[in-house]
Each structure stands twice: as C-alpha cells, then as structure tokens.
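The sequence and structure are shown first.

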Amino acid sequence: MSSQQQQQVREWSGINTFAPATQTKLLELLGKLKQEDVNSLTILVMGKGGVGKSSTVNSIIGERVVAISPFQSEGQRPVMVSRARAGFTLNIIDTPGLIEGGYINDTALDIIKRFLLDKTIDVLLYVDRLDAYRVDSLDKVVAKAITDSFGKGIWNKAIIALTHAQFSPPDALAYDEFFSKRSEALLQIIKPGAYLKKDAAQASAIPVVLIENSGRCNKNETDEKVLPSGIAWIPHLVQTITEIALNKSESIFVDKNLIEGPNPNQRGKLWIPVIFALQFLFIMNIEALIKNDVANEKKPSWETRDVGVQKETREGGQKNTRKEKRGAGVRK
Ligand code: GDP
Ligand code: MG
C-alpha cells in the first residue's frame, strides 16, 4: 500500500460494536497475524448478485460502510474499505455481482480486474447463500471467471462463505447434514470451473464458513452472534481468514499481465502459433522434397523400373539399385 492510501485509513472502531468476547478473539487473531509479520490483509469479496456480499463486508467492519439492496442490481464499481486497528490494516473489497440476468457480467468483471491493478489479494471470500437447494451452471461460470482472471492459485487463498446461515433446513434434514451437503454440492461445481478436477485434495481444502448478516441473528449467553450450530460466526470467520492468510500459498499480486495478458491458466497456448508455423515450414520442406523427387523421376515408372533392371543386370546386384533409388529423392 502507498503511504498516501495509508494516511486515509480510518480506525477500525466498528470492532467496538461487537460483543466483548468477540472483540477479545478478534484482537487475539490480529496479534497472531502481526506476530507473523502480517501487518495488513486484503480480502476480495466476490460472488453472484444478491447473495450478501455487501452485508458481509458491513458485518466484518462493524459499520454500515457499503450499500446493501434486496432488489436493485448493485453499483458497477468495486469499493475498497480500509480500517486500521492496533497497527494492523484490514482492506476489504466489495464487488458488484458477477451474474446479472442469468449471464456473466463481463463489464463488471473487467472493472473489478482494473480496480485490482497493483493490489495483492490475500484472501478471496467467495460468497453464496446457505439456503439454496440447487447449484447450477451459473455457479460454474462464476468460478471459471474468477479462475480465468486471477489464475487457479487464487483457490488456495479462497474461503467459501455461506450467508443466511440462521435457517431451518427443509424435509427434517439436520442442520449439519444440510450444511455439508450444500458445501459439497458447491465445491463439486466450483471444481471444474476452477480446473481443480485432477486436484481434488486442493478443492476439499477450501474451507466453507457460515455467516448470518441479519440483525436478528441469535446470540449466546455472552452476547456473541451465534449460528444454529452454536458457533460464534464472526470470530470463526476471522480465524479462517487468518489461517488462509498464513498458509504456504502465495498471495495473488494483480499486475498488468494478469489483467491484460492471456488467461493465466492457458499461457502454454501461446506456443500454438509457433508450433503451427514450424509445422508449416516442415510441410513446405517436405513438399519441396517431393517436388524434387518428382522432377528426378520424370520418366514413367515402367521406364525407371526398366533402368533399374538394366542397372541390375549391368552391376549385378540388388543392393546398389535400392541405394540409387532411395538416393534419388535427396539428390538435387
Ligand atoms: P450483494 O448483492 O451480494 O451485495 O447482497 P446484499 O448484501 O446487498 O444483500 C442482499 C439482500 O440479502 C439484502 O436485503 C440483505 O439484507 C439480505 N441479506 C444478506 N445477507 C443476509 C443474511 O446473512 N441473512 C439474511 N436474513 N439476509 C441477508
Ligand atoms: Mg453488494
């Protein structure tokens, strides 16, 4: 981050609105990051429209910093919110939905990529809803768009966040069972879009966390916001963010090449025109050889055979004849 940006960073005072137990856990996690020399983190929030991306940003910051809307499609521009606390800076980038009206929003994707130029993504928060029963091809398209934009390494830095987590599963399904089925279904559809087919271990390593942004989220005896599972979700989310930030995989630096260059997963395909050109030259060469061959073999084949026979009788050996015939093509 440039010093100019650093000056503009406001104090992360929203933490004070959390339950004391939640505050303590968060400050502990920030301390752990600083211990590992991580003094700032940038979280990129992506997903379809209306799934709760902006609400999640507000929940983490503890302030209403970005607009949320149940109906309208969101603004087209990403927004970065930065907050500092105890020498640590958190940057969260809220983005417009990648799916609008059943199609991938290429304009939004392009604007997001340009907005991210020269920034480093430490964590990708891929947001969707827990209370959805079906995954469809659009989920696959979104995952693929993310992979094509930032490279498949982005999934080593990803967390799947499922909103609307205070919810009763249908058909008397147990909450945990519904959660694991929903997670599995999402991972299965993200895998091919993320080119993770052959790398199932990596896919199952993508953590799935639950989020409840509603003001009516249940609280436990220490006033922490909890899910039906009893987990205080804000500390759990921040803990998962910490683990991803500290894992061995590199953060994703968004440079010009990543934005304007070819698909980072298909750079090998750059060789295709070169290989094509080499093949062309090779074919030309063979063609020349064949032409040469034809030029040297003007006589009809019976005549050549005749010559062969003559030679054979003259030189008295099959070997020489074969040699001569073979050599004809190479000779000028
Ligand atoms: P975005 O388009 O992905 O940024 O989604 P928003 O954050 O604007 O949320 C869309 C709608 O879903 C808003 O009406 C939010 O109040 C609502 N919403 C978001 N997250 C949750 C959640 O976890 N629980 C509930 N009950 N509603 C949510
Ligand atoms: Mg939004």
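## Annotated site

Does Ser54 count as buried or exposed? In this predicted model, Ser54 has a relative accessibility of 8% and therefore counts as buried, since the cut-off for that class is under 20%. Ser54 belongs to helix α3, which spans residues 53–61.

According to the unreviewed UniProt entry, the annotation "binding site" covers Ser54 and Gln72. Both Ser54 and Gln72 are included in the lining of the largest pocket.

## Packing of α2 and α8

Helix α2 (residues 20–35) and helix α8 (residues 233–246) have axes that come within 9 Å and cross at roughly 5°. Because angles under 35 degrees count as roughly parallel, α2 and α8 are classed as roughly parallel to each other.

On the α2 side, the contact is made by Thr22, Lys25, Leu26, Leu29 and Leu33. Helix α8 contributes Ile234, Pro235, Val238, Gln239, Thr242, Ala245 and Leu246. By residue class, the contact of α2 with α8 comprises eight nonpolar, three polar and one charged.

## Positive phi in non-glycine residues

Asp37 is not a glycine, yet its phi is positive, at about 65°. Asp37 is located in the loop between α2 and β2 (40–47). With 67% relative accessibility, Asp37 counts as exposed, because that class begins over 50%.

Asp118, also a residue other than glycine, has a positive phi near 70°. The loop between α4 (106–115) and β7 (120–121) contains Asp118. The relative accessible area of Asp118 is 54%, so Asp118 is exposed.

Definitions and conventions:
Residues numbered from 1 in each chain as written. Chains lettered and ligands numbered in written order. Predicted model: local features only at pLDDT ≥ 70, side-chain atom pairs only at ≥ 80, totals over all residues. Heavy atoms only, no water. UniProt positions renumbered as here; feature names shortened; annotations may be inferred. 1 Å grid on protein atoms, 1.4 Å probe; cavity = no way out; pocket = protein on both sides within 12 Å on 5 of 7 lines; lining within 4 Å. Helix = DSSP H or I, 4+ residues; strand = E, 2+ residues; numbered from the N terminus. Buried < 20%, exposed > 50% of the residue type's maximum accessible area, 1.4 Å probe, protein only. Axes fitted to C-alpha atoms, helices over the stretch in contact; angles between N-to-C directions. Parallel < 35°, antiparallel > 145°, perpendicular 65-115°, else oblique. Contact = heavy atoms within 4.5 Å. Nonpolar A, V, L, I, M, F, W, Y, C, P; charged D, E, K, R; others polar.
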